[in-house]
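Subject: Model for you to look at

Hi,

Here is the model we talked about. Please open it first, then read my notes below.

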Amino acid sequence: MTRRSWGWHLLLVLILLVLLYPVVWLVSASFKPAEEVLAGLSLLPSHATGDNYTQVFGGVAGYSVWHYFANSLVISIGAVIGNVLSCSLAAYAFARLHFRGRGPMFGFMLSTIMLPQHVVLIPQYVIFQKLGMVNTFWPLVLPKFLATDAFFVFLMVQFIRALPGELDEAATIDGCGPVRTFRYVIAPLLRPALITTAIFTFIWTWNDFFSQLIYLNDPAKFTLPLALQIFVDQTSQSAFGPMFAMSVLALLPIGLFFFAFQRYLVEGVATSGLKG
Amino acid sequence: MTQAVLDRPVARERAVPRRRRAGRGTGYLFLSPWLIGVLVLTIGPMIASLYLSFTDYDLFDAPRWVGLDNYATMFTRDDRFWHAAGVTARYVGLSVPLKLGLALAVAMLLNRARRGAGLYRSAFYAPSLLGASVSLALVWRAMFSTGGTADRVLAAFGLDTGGWVDQPQFALLAVIALAVWQFGAPMVIFLAGLKQIPKELYEAAELDGAGALRRFRSVTLPMLSPVLLFNLVLETIHAFQSFTGAFVVSSGRGGPSDSTLLYTLYLYQRGFTDFRMGFASAMAWVLLVVIGVLTALLFRGSRRWVFYAGEGR
């Protein structure tokens, strides 16, 4: 290695250390004994302890941490299925099928990407309240089955448009209607875009706080972010250890996704400008 | 003229085989989830919230028409509204330039591709995935509390600020730091843009005797300007809607002394703590208009500084 390249690596590693410090700090804090959590810069606990974890497995606000974990998982998986299905159907229609009003509708779809959710928040809440769905998972999952995450529709439209039209024509000549063309020709080719959609939907739903805060208010229905937030306000400083243990567990799936799919994630951002 | 006639939609329509026309219904069939979603969850609620913004509505009794009262109260009598708007302006005005500046600097560093650039890119991107979580906001709250990491590091440099999250003059900075920490996503986009700039341009500039700074100003910036605009618009819209960090750091109150009371946080309090849904709807529409106008201004202003290669300006 040349001297210049050493300097380059040194600088980047330095940035990396500063950047990852909070994450390392969190993991280390989760293994510290109660009195050490907030005190001291040291990243190494004087003696590592699993007590914090035992405590959150035992119960937070009446439920084991796994309960909240399961709730988060159900909502996130529901959202993934919803987005993958509904967005791909809409994208196929916009990219390949001909019908009246396609252009204006496509334009409107694009504009909803930029729409702040606050403008629809309160009437949506009223709708779900009238349907008796507040304090259930439906308000968090159902909209995903209606392709409300327009960004993913756009992502897939771009992807389908890049596929050669001859494939569709061949399928038509072989006697396939649009339904079978979608099922057997487009959907399999769309897989990379579907995977990108699935990963980002999972991570965003898993991390989502605002909608869950609004729609869920019974501890039995709480997700990890909500349980964490309630936890920190109910407890004294001495319970910071268990809180950080729970925080680590909340980040675990995201960490796993990151290591398994970092190519998809980073490429997804690079090529389509996903906000990440 | 003949061409124009041929191109007329009607003329083409006739040429479309029967099969395709049968496909029309299928188009709506495929689109039906989106159509229902748009009508029931977007257009309907938008109209409804516009209507609610002219009413007094507490979710339990029927909305009562009050005309422009909510807007009048907001603009003339509600100090917290203006305060929240100010906090948000400071938040957006500081976090977006800092985040984009850092993103561009690191992207340029990474673009001098050496071994391991891909690895660094992934690692720098990771905070963008983690930073939106409650977990990280809690870490921030602990690190920026009195006696926390930030306090001690600053004290070691002779800056005895105390814990940022406990003091009105610093608390918002802690929230901004959390946003800037997530510079990875725009960095990845910048990096993709930098890779598109032809090397010949740099070589030519160097032959002409341009120094590093000049090459940055005259080659990198203009070639990258469309990407810069994209990131700027995206991050600005995003920053206006930021919520979780400020909520968690201040336990949902926006304190201390309302110093982290972001617009969205105040909207949430008005709507879902005080149940003043009409007022909250009015706030939402003001937010939409502000974001819309600002985005339009960014695009309009961009004509002066964004350079599209191939347009031959």
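Start with His47(A), which sits in the loop between helix H1 (3-29) and H2 of chain A. Helices here are DSSP runs of H or I with at least four residues, strands are E runs of at least two, and both are numbered from the N terminus. His47(A) counts as exposed because 9 other C-beta atoms lie within 10 Å. The cut-offs are: buried at 20 or more other C-beta atoms within 10 Å of a residue's own, exposed at 12 or fewer, partly exposed in between, with C-beta atoms placed from the backbone. The C-alpha atoms of His47(A) and Glu36(A) are 10.0 Å apart, at 11 residues along the chain.

Two points on provenance. This is a predicted model, where local features need pLDDT of at least 70 and side-chain atom pairs count only at pLDDT 80 or more, while totals for chains, interfaces and linings use all residues. Residues are numbered from 1 along each chain as its sequence is written, and chains are lettered from A and ligands numbered from 1 in the order in which they are written.

Chain A overall

Chain A has 13 helices and 0 strands. Its C-alpha atoms fill a box of roughly 70 × 65 × 30 Å along the principal axes. Of its 276 residues, 43% count as buried. Contacts here mean C-beta atoms, placed from the backbone, within 7 Å. Among chain A contacts with a separation of 6 or more, 75% join residues 24 or more positions apart.

Helices in chain A

Helix H2 (residues 51-58) packs on helix H13 (residues 240-272) at about 75 degrees, and their axes are 8 Å apart. The axes are lines fitted to C-alpha atoms over the stretch in contact, and angles run from 0 to 180 degrees between N-to-C directions. H2(A) and H13(A) are therefore roughly perpendicular, a label for angles of 65 to 115 degrees. On the H2(A) side, the residues are Asn52(A), Tyr53(A), Gln55(A) and Val56(A). They meet Gly241(A), Pro242(A), Phe244(A), Ala245(A) and Met246(A) in H13(A). That contact has 6 nonpolar, 3 polar and no charged residues. Nonpolar means Ala, Val, Leu, Ile, Met, Phe, Trp, Tyr, Cys and Pro; charged means Asp, Glu, Lys and Arg; the others, Gly among them, are polar.

H10(A) is mostly covered, with 13 of its 17 residues buried.

Core and interface

The largest nonpolar core holds 154 residues, and Ala90(A), Val153(A) and Met156(A) touch the most other members. Such a core is a set of buried Ala, Val, Leu, Ile, Met, Phe, Trp, Tyr and Cys residues joined through C-beta atoms within 7 Å. Leaving out residues up to four places away in sequence, Val153(A) touches Cys87(A), Ala90(A), Ala91(A), Met109(A), Ala147(A) and Trp34(B).

Between the chains, the contact takes 64 residues from chain A and 75 from chain B. Helix H3 (residues 18-52) of chain B gives the largest share of the chain B side, 20 residues. By class, that side has 47 nonpolar, 22 polar and 6 charged residues.

Backbone to check in chain B

Most residues other than glycine have a negative phi. Leu59(B) has a positive phi of about 85 degrees. Leu59(B) is in the loop between strands E1 (55-56) and E2 (64-65) of chain B. Ser251(B) also has a positive phi, near 55 degrees. Ser251(B) lies in the loop between helices H13 (244-249) and H14 (263-273) of chain B.

Best wishes

Terms used:
Two residues are in contact if their C-beta atoms, placed from the backbone, lie within 7 Å. Angles under 35 degrees count as roughly parallel, over 145 as roughly antiparallel, 65 to 115 as roughly perpendicular and the rest as oblique.
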